[in-house]
Amino acid sequence: MLELVVISTLNGVLYGMLLFLMASGLTVIFSMLGVLNFAHASFYMLGAFFGFQISRWFGFWPALIFAPLLAGAIGAAVERFGLRRVHRNGHVAELLFTFGLAFAIEEIVSIIWGKVPVDFRPPALLDFPAFTIFSTNYPAYKMFMLAISIVIFIGLLLVLKRTRIGLIVQAALTHPHMVGHLGHNVERIFMLVFGVGTALAAVAGVIAGPSLVTQSNMAAMLGPILFVVVVVGGLGSLPGAFIASLLIGLVQTFAVSVNGSLASVFGPLGPDLAQSWLSDIWNVTIAQIAPIMPYLLLVLILIFRPMGLLGTRET
Amino acid sequence: MTDLASRVAPPRPALSDRLKFYGVWIATALTLLLLPQIFSSGGSLTTFSLVGISIIFALSYNILLGQTGMLSFGHAVYYGLGGFLAIHAINLLGANKWAIPLPLVPLIGGMAGLFLAALIGWVMTQRSGTAFAMISLGLAELVASSALILRTFFGGEAGISANRTKLFKVFGLSFGPQIQIYYLVAAWTLIAIIAMYALTRTPLGRMCNAVRDNPERVQFVGYDPHVVRYLAFCFAGFFAGIAGALAAINFEIANSAYLGAVQSGTVLFAAYIGGIGFFIGPIVGAIFVTILSLGLSDLTQVWQLYFGLFFIAVVLYAPGGITGLLMMHRPLIRAGMLSRMLPSYLIAALPTLALVTGLMLMIETIVHYTVNPHEDPYRKAFGIPFDAASPLTWAISAALIVGGFWLCRMAWARVGQTWDETLTAARAKVHAL
């Protein structure tokens, strides 16, 4: 039991930190540009595939640096030539543009790399068990993922809270016009923030690629969960996104390891229920509903706290 | 004073206007009636049925997006649920020999959509805009994933099938042949179009537009935007359920793909490409997208990519959709000045075509190298053969893209200039009259 708790906590925090790497970029972009980038998970996928391709040619470590740079550059170009253009048609048009972009990126990736998973492996340097808990080997690569996530998290906090850049970004979150009047090029700030945000997503892609599955539907799998994170945390709230990411990461990993169902708990009370069409609900295990846990959380949050955990903004 | 009064209460339309109004509906009905006489092959009947279903679905989607300003990423949930309920209803009715004929089954699907929308809509429509879009996506994922878990009701990956011919028969119709299904779909399409058009004319329909344009002001006037959004949401769910039930009747099967993200995305594409600002827009979009997706898949392997790129192009350059582009020209036609625009359109069309051809050539060449690199490089796309391995092909493609892009910028700038001049002239002419 203790083994289960320790391993699940580790995995949950790991998954949560990965979610936060993406959600942080998404949240900063949303706060500044006012548009939820539907294609954010697509940049995560691009990061994973660029990482795979570059690591094949030059090795994993160059990939960790250049794949996010490349994805970030594409992101900045998307903002400059696409989003800025549709901006005058309102938020719905912006959202639709990123929706179409996500669709197109998925098609392009599946054309170039195929629909089956690619063989993206962790670097040889990190391909060993870091430690053994309760007879389970814990791979070093996962510790590396955790370390990178934490380093970026702390780095992001420092940049946002301690530097002049962070000051301007934070000011633009709340008072974009004032920042513009003070002589900062708000358009360029937007483009750079968009590029940095998508690069963050790509970092998550490069480090998650070898550990999770790198294939052309990975964006479609993760995208909706990302939006759950952002809505549950509260639209535009970075600390909220952090809490929601960890919460979802932990809830999902713990759910996977629980084998209980309604039948196993209340079984003796209602044996005849198992026969009706309700038998599905009766017999389904918590492990089986792990994938829909985030969405259940979303529904609960909507009913009891519609503005999200730490959200203040009513949109 | 009379001027003010006539503006407040519009006069009863003239007889000719009323004739024109009803004439459109009668013409639509006649077209639907006569269409299978002209194109009677099995393939075209199936296509027409699919187009009809997708028209209902796209119009129901537009109640949300176009009329009330709610961008939903999960509209397929109501469509899918309508489909599943219809299949279960057919099985149940057929097994018990109840006297409910097949033409009434879509109503059951509609009720299913309405029920689900009424159930979850209240929470969802509390917010609009971006938050609503995200929430609709999350709930759609919830339902679509649940469909794979609740196997008895949704049938898992295989889905649930039914036999539509086993039902109680009216007028001796068995609904086995496709032609009878076509007429069933056509009748429901006409009913649904008229009903949804009537909805836009009711006070509720007008309030929906007001909520879309300015919710604060609606609240100030004394209406609750939340309630208006909720009612619109319920109507959209109802009509989506009808469309889903018709699809289930057509295919005699419902599976989890009905509920999924692809279906939700397709209806969004159809409504937006057609033009969400006009009632006729989603109809145009549904016809266009259905025929395109059926036709393109024969012409090229990567039709979905073209589809996505086309959608992006519409969002970027024609936010009003196809209908919006056509409607833009109404003042010119009224002033009889459309011919002034034609030369610059023709000039702009050439480099645009070159650019598009170059891009298509590039995509198809890349597809050759990534999808099937060991096959014969002599490929065929859109019925035109080309050699993907030859440097000449690459050179042509590059030249078309670079040259086309450069000329496009100049040509379209000229179109814009001519447009401004012509529109000003047309307005002056109309005012002078």
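**View 1. B:Arg212, a partly exposed residue with a relative accessible area of 34%, and its salt bridge to B:Asp213.** The model is predicted. The closest N and O atoms of B:Arg212 and B:Asp213 are 3.0 Å apart. B:Asp213 is exposed, its relative accessible area being 56%.

**View 2. The salt bridge between B:Glu252 and B:Arg164.** In this pair the closest N and O atoms lie 4.0 Å apart. The two residues belong to distant parts of the chain, 88 residues apart. B:Glu252 sits in the loop between helix H11 (225-251) and strand E2 (253-254) of chain B, and B:Arg164 in the loop between strand E1 (160-161) and helix H8 (178-201) of chain B. B:Glu252 is partly exposed at 25% relative accessibility, whereas B:Arg164 is buried at 8%.

**View 3. A salt-bridge network of A:Glu79, A:Arg84 and A:Glu187.** A:Arg84 pairs with A:Glu79 in a salt bridge whose closest N and O atoms are 3.4 Å apart. A:Arg84 is partly exposed, with a relative accessible area of 22%; A:Glu79 is buried, with 3%. Over all chains, the structure holds four salt bridges.

**View 4. Helix H4 (residues 91-113) of chain A against helix H14 (residues 303-317) of chain B.** The helix axes come within 9 Å and cross at roughly 155°, so H4(A) and H14(B) are roughly antiparallel to each other. The crossing is left-handed. Residues making the contact include A:Phe97, A:Gly100, A:Ala104 and A:Glu107 of H4(A) and B:Gln304, B:Gly308, B:Phe311 and B:Val315 of H14(B). By class, the contact residues are 16 nonpolar, three polar and one charged.

Technical notes. Residues numbered from 1 in each chain as written. Chains lettered and ligands numbered in written order. Predicted model: local features only at pLDDT ≥ 70, side-chain atom pairs only at ≥ 80, totals over all residues. Heavy atoms only, no water. Axes fitted to C-alpha atoms, helices over the stretch in contact; angles between N-to-C directions. Helix = DSSP H or I, 4+ residues; strand = E, 2+ residues; numbered from the N terminus. Parallel < 35°, antiparallel > 145°, perpendicular 65-115°, else oblique. Left-handed = near helix turned anticlockwise from the far one by under 90°. Contact = heavy atoms within 4.5 Å. Nonpolar A, V, L, I, M, F, W, Y, C, P; charged D, E, K, R; others polar. Salt bridge = Lys/Arg side-chain N within 4 Å of Asp/Glu carboxyl O. Buried < 20%, exposed > 50% of the residue type's maximum accessible area, 1.4 Å probe, protein only.
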